[in-house]
Amino acid sequence: MFLDYFALGLLIFVALVIFYGIIVIHDIPYEIALERDHPHADAIHVAGWVSLFTLHAIWPFLWIWSTLWRKDRGWGFSKIKHEQDELQSQILSLHKNIEYLHHQIDSLKNERANSEVDGTQNTVTTDTESSKGDA
């Protein structure tokens with residue numbers, strides 16, 4: 001008779017521990033969200049209770065959702081935005097350098113063309129002057 005009551009007590013104890021354990025486990029994403037000051041902590045908590053009815057099928061997604069947010073960097077996109085801004089400024093700087101180099105090349109080509117034209121004219125004038133002197 002004692003063993004029957006002991007077995008019944010043990011069965012009730014195990015059932016309560018399992019019930020309490022499931023409730024504690026379902027609350028882990030909410031606790032993570034609170035610790036990280038997640039802006040959707042309440043929604044994660046409600047979704048955790050809903051996951052009890054879905055046999056914790058959405059629980060892994062709640063875990064991911066709660067761990068995505070960090071107070072120091074938010075969703076993590078600010079670093080990406082900063083890197084993109086930095087890359088954009090480097091690209092603009094490179095474009096300015098390329099434009100400057102193209103301008104330098106064009107001015108050097110113009111100078112070379114002008115010097116060749118002047119050299120040709122000087123040669124023509126020198127040739128005409130020397131031919132006048134020969135006559």
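The exercises below go from the whole chain down to single residues, and they rest on a predicted model.

**Exercise 1. Work out what kind of fold you have: how many helices and strands does the protein chain hold?**

Step 1. Go through the secondary structure: the protein chain has five helices and zero strands.

Step 2. Write that down in sequence order and you get α-α-α-α-α.

Step 3. Now look at burial. The chain has 135 residues, and 13% of them count as buried.

Step 4. Finally, check the contacts between residues at least 6 apart in sequence: 54% of these join residues at least 24 apart.

**Exercise 2. Decide how H2 sits against its partners: are H2 and H4 roughly parallel or antiparallel, and what about H2 and H3?**

Step 1. Know what to look for. Two packed helices are described by the angle between their axes and the distance between the axes.

Step 2. Take H2 and H4. Their axes are 8 Å apart and the packing angle is about 5°. Angles under 35 degrees count as roughly parallel, so H2 and H4 are roughly parallel to each other.

Step 3. Find the residues that meet. From H2 come Ile28, Pro29, Ile32 and Ala33, and from H4 come Trp59, Leu62, Trp63, Ser66 and Thr67.

Step 4. Repeat for H2 and H3. Here the axes come within 8 Å and cross at roughly 175°. The cut-off for roughly antiparallel is over 145 degrees, so that is the label for H2 and H3. In this contact, Pro29, Tyr30, Ala33 and Leu34 of H2 touch Ala41, Ile44 and His45 of H3.

Step 5. Check which H2 residues are hidden: Pro29, Tyr30, Ile32 and Ala33 are buried. They cover an arc of only 160° around the axis, so they sit on the same side of H2. Their cover includes H1, H3 and H4.

**Exercise 3. Take H3 and find its inside face: which residues of H3 are buried, and which are exposed?**

Step 1. Start with the length. At 1.5 Å a residue, the 13 residues of H3 should span 18 Å, and the end C-alpha atoms are 19 Å apart, which agrees.

Step 2. List the buried residues of H3: Ala41, Ile44, Ala47, Gly48 and Ser51.

Step 3. Think about helix geometry. With 3.6 residues a turn, residues three or four places apart in an α-helix point the same way.

Step 4. Look down the axis of H3. The buried residues fall within an arc of 115°, so they line one face of the helix. That face packs against H1, H2 and H4.

Step 5. Turn to the other side of H3, where Asp42, Val46 and Phe53 are exposed.

**Exercise 4. Track down the salt bridge: which side chains form it, and what does it tie together?**

Step 1. Count first: the structure holds one salt bridge.

Step 2. Name the partners. The side chains of Lys71 and Asp37 meet at 3.1 Å, N to O.

Step 3. Lys71 is in the loop between H4 and H5, while Asp37 is in the loop between H2 and H3, so the pair ties together parts that are 34 residues apart in sequence.

Step 4. Check their surroundings. Lys71 counts as exposed, at 63% relative accessibility, and Asp37 as partly exposed, at 42%.

Step 5. Have a look at the backbone too: Asp37 follows H2 and has a positive phi, near 55°.

**Exercise 5. Inspect the loop between H3 and H4: what are the phi values of Leu55 and His56?**

Step 1. Leu55, found in the loop between H3 and H4, has a positive phi of about 55° although it is not a glycine. Its relative accessible area is 76%, so Leu55 is exposed.

Step 2. His56 lies in the loop between H3 and H4 as well. Its phi is positive, about 60°, and His56 is not a glycine either. At 24% relative accessibility, His56 counts as partly exposed.

Step 3. Ask what touches His56. One of its contacts is Ile22, which belongs to helix H1 and counts as partly exposed at 37% relative accessibility.

Conventions
Residues are numbered from 1 along each chain as its sequence is written. This is a predicted model: local features need pLDDT of at least 70, side-chain atom pairs count only at pLDDT 80 or more; totals for chains, interfaces and linings use all residues. Side-chain values use heavy atoms; hydrogens and water are left out. A salt bridge is a side-chain nitrogen of Lys or Arg within 4 Å of a carboxyl oxygen of Asp or Glu. Helices (H or I, at least four residues) and strands (E, at least two) are DSSP runs, numbered from the N terminus. Buried means under 20% relative accessible area, exposed over 50%, partly exposed in between (1.4 Å probe, protein chains only). The expected span of a helix is 1.5 Å times one less than its number of residues. The arc is that of the directions from the helix axis to the C-beta atoms. Contact means heavy atoms within 4.5 Å. Axes are lines fitted to C-alpha atoms, for helices over the stretch in contact, and angles run from 0 to 180 degrees between N-to-C directions. Angles under 35 degrees count as roughly parallel, over 145 as roughly antiparallel, 65 to 115 as roughly perpendicular and the rest as oblique.
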